[in-house]
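This report looks at charged side-chain pairs and at one residue with its surroundings. Please keep the sequence and the structure at hand while reading.

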Amino acid sequence: MDSRKRAALAIMVANIKGINTNHVFDYSRGKYSNYVVNSVGSDNIHMFDYDAGNYLTGTLPNIFDYASSSYIVLHVTGDTFNGFDYQSVCYYNGSISGRNVQIFDYQTSMYYNYAI
């Protein structure tokens, strides 16, 4: 999964968990990413990624990423989440603790950390 999608997942999960935010700091890239989050609820996602000029929208667990024309599957259970990225054909999982999100990407076999 590319870094853009991982950062978008961090924003989605944070908003689903009730942390209303429009930006995320990606430690692996050393930069903030900004979004317009029109609606992120327990089952609906509608957001725009400023960096990529891209919409991500759908009803959980299926989120459509217009930039790659592919789906991202996202399941959130408590403070953990997991899913599948159809573009990279790989699974991921993660957790949220306070304003910190960690994602393990099976494509790269690495952890990625985000501050909300």
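## Terms and basis

In this report a residue is called buried when its relative accessible area is under 20%, exposed when that area is over 50%, and partly exposed in between, as computed with a 1.4 Å probe on protein chains only. The model is a predicted one, in which local features need pLDDT of at least 70 and side-chain atom pairs count only at pLDDT 80 or more, whereas totals for chains, interfaces and linings use all residues. Residues are numbered from 1 along each chain as its sequence is written, and side-chain values use heavy atoms, with hydrogens and water left out.

Side chains of opposite charge can pair when their charged atoms come close. Taking a salt bridge to be a side-chain nitrogen of Lys or Arg within 4 Å of a carboxyl oxygen of Asp or Glu, the count for this model comes to eight. In one of them, Asp105 pairs with Arg6, and the closest N and O atoms are 2.8 Å apart. Because Asp105 belongs to strand E9 (residues 100–105) and Arg6 to helix H1 (residues 3–16), this pair ties together parts that lie 99 residues apart in sequence; helices (H or I, at least four residues) and strands (E, at least two) are DSSP runs, numbered from the N terminus. Both Asp105 and Arg6 are buried.

A further salt bridge joins Asp79 to Lys17, with 3.6 Å between the closest N and O atoms. Asp79 sits in the loop between strand E6 (70–77) and strand E7 (80–85), while Lys17 sits in the loop between H1 and strand E1 (23–26), so the pair links parts that are 62 residues apart in sequence. Asp79 is partly exposed, at a relative accessible area of 46%, and Lys17 is also partly exposed, at 35%.

## A further pair and a network

Arg29 forms a salt bridge with Asp26, the closest N and O atoms being 2.8 Å apart. Arg29 is partly exposed, with a relative accessible area of 30%, whereas Asp26 is buried, at 0%. Elsewhere, salt bridges that share partners join Asp2, Arg4, Lys5, Asp65 and Asp85 into one network.

Ile11 lies in helix H1 and, with a relative accessibility of 0%, counts as buried. Apart from neighbours within four places in sequence, Ile11 has contacts (heavy atoms within 4.5 Å) with Thr21, Asn22, His23, Val24, Tyr35, Val37 and Met47.
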